[in-house]
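Please open the structure in your viewer and keep the selection panel at hand.

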Amino acid sequence: MKKITISAPGKLMLFGEHAVVYNRPCIVTAVDQRMFMTIEQMPQKTFRLDAEDVFVMTYEKPMRLLGTGDLPKAVSFVEQAVKNFHEKYPMKFGVKVTTKSDFSAGFGFGSSSASTVCAIEGLARLNEVNLSKKEIFDLSYKTILAIQGSGSGFDVAAALYGGTLYFVTGGKVIQPMTIDDIPFFVGYTGFKADTPTIVKEVAERASKDPDLYKKIYDEIEQIVNSSLEAFLKRDWKKVGFLMNMNQKLLEKIGVSSAKLSAMIQAAQNAGAYGAKLSGAGVGDCMIAIAPPEKYQAIETAVTKIGGQVIHVQPNVAGVRKEI
Ligand code: PMV
């Protein structure tokens, strides 16, 4: 029986969240917190999952019942990924999947997309099905949409391609950016907000004032496009300035919070070039771009008001075979 271990990185949104759900671009970087997944063939036609980080032990189901019944959240993405793969490329064997992650699902670094990409890439390799990156993207994105109902797919692209990407909704554009380092600081608010719920709330508000939201998303698009240029020139002052502008627009659509705004302001006051929330908002993380000599002051200021500093490296490799 064959066996493979695959890993994929988490992600951090740098620019363009929310607007990217509506056919606009964003910039995302892959971070060095990885999901590891071992997939083993099993003679009996069952799907088994062990994911001790999320307290799932010996979850088991016949392959023919994949995706049926109430799926516990912690198993849903992997089970749906196996189902989608099996429907398209029927497997003769069952599979035993074991996951182990570097990161806490709480930080919002994208454990669902990383595990989905690991499952599709791992099953393709294990079954010797030759899939292009775009085919893996499409099958993984389909999996995410089946479970979550919404989402741009930016997190799937980061897990798959790695690096830092200019990305447009649904993978219409996935453009790797050649940058080596990003002088950024990440702070965690202490709580995880539910992304699909926030996306839905934004959609409800937008339906009451579509013209305003269209204008805001258009402005965010311009900011993302300017930041692409600034990143490539390593003009960090400009990147920071654009982050502050992006943050103001995110506040207008109601996805910041008192804690996020306080942490962002603390970073700005302590010498960051700019700061904004990262991801869906309400909770999760803020990011700042700052000259390295200011990091200590920013760390002190953000910690003082209850933020948690997270040390992550950006721009890391996408999905890969480990063993
Ligand atoms: O909460 P996160 O880090 O998964 O980011 C969500 C970003 C959104 O633009 C709000 C949603 C999406 O799928 O692009």
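This is a predicted model: local features need pLDDT of at least 70, side-chain atom pairs count only at pLDDT 80 or more; totals for chains, interfaces and linings use all residues.

**Stop 1: the ligand and its shell**

Select the ligand, then display the residues around it. There are 14 of them, and those that come nearest are Lys-11, His-18, Ser-152, Thr-195 and Ala-280. Colour this shell by residue class: 5 of its residues are nonpolar, 6 are polar and 3 are charged.

**Stop 2: polar atoms facing the ligand**

Select Lys-11 and show its side chain. An N or O atom there lies 2.9 Å from an oxygen atom of the ligand. Proceed to His-18, where the atom to find belongs to the backbone: an N or O atom, 2.9 Å from a ligand oxygen. Next, select Thr-195, whose side chain places an N or O atom 2.7 Å from an oxygen atom of the ligand. Now display the surface of the protein with the ligand in place. On its own the ligand has 380 Å² of accessible area, and the protein covers 93% of that area.

**Stop 3: the largest pocket**

- the strands E1 (3–15), E3 (46–51) and E5 (94–101);
- the helices H1 (73–88), H2 (111–126), H3 (133–148), H4 (154–161) and H5 (195–208).

Coloured by class, the lining shows 22 nonpolar, 18 polar and 8 charged residues.

**Stop 4: the second largest pocket**

Move to the second largest pocket, which has a volume of about 210 Å³. Select Phe-184, Phe-185, Tyr-295, His-311 and Val-312, which are the closest to its centre among the 14 lining residues. Strand E8 (184–188), helix H9 (295–304) and strand E11 (308–310) each contribute at least two residues to this lining. Which element gives the largest share? Strand E8 does, with 3 residues. Finally, apply the class colouring here as well: the lining of the second largest pocket has 10 nonpolar, 2 polar and 2 charged residues.

Technical notes. Residues are numbered from 1 along each chain as its sequence is written. Side-chain values use heavy atoms; hydrogens and water are left out. A residue is near a molecule or strand if one of its heavy atoms lies within 4 Å of it. A polar contact is a pair of N or O atoms within 3.5 Å; within protein, one must be able to donate a hydrogen and the other to accept it, and residues adjacent in sequence count only if both atoms are side-chain atoms. Accessible areas come from the Shrake-Rupley method with a 1.4 Å probe; for residues, only the protein chains shown count as cover. Ala, Val, Leu, Ile, Met, Phe, Trp, Tyr, Cys and Pro count as nonpolar, Asp, Glu, Lys and Arg as charged, and the others, Gly among them, as polar. Helices (H or I, at least four residues) and strands (E, at least two) are DSSP runs, numbered from the N terminus. On a 1 Å grid over the protein atoms alone, a cavity is a set of points where a 1.4 Å probe fits but cannot get out, and a pocket is an open set with protein on both sides within 12 Å along at least five of seven lines; lining residues have an atom within 4 Å of a point. Grid points are joined across faces, edges and corners, and a volume is the space filled by probe spheres set on the points.
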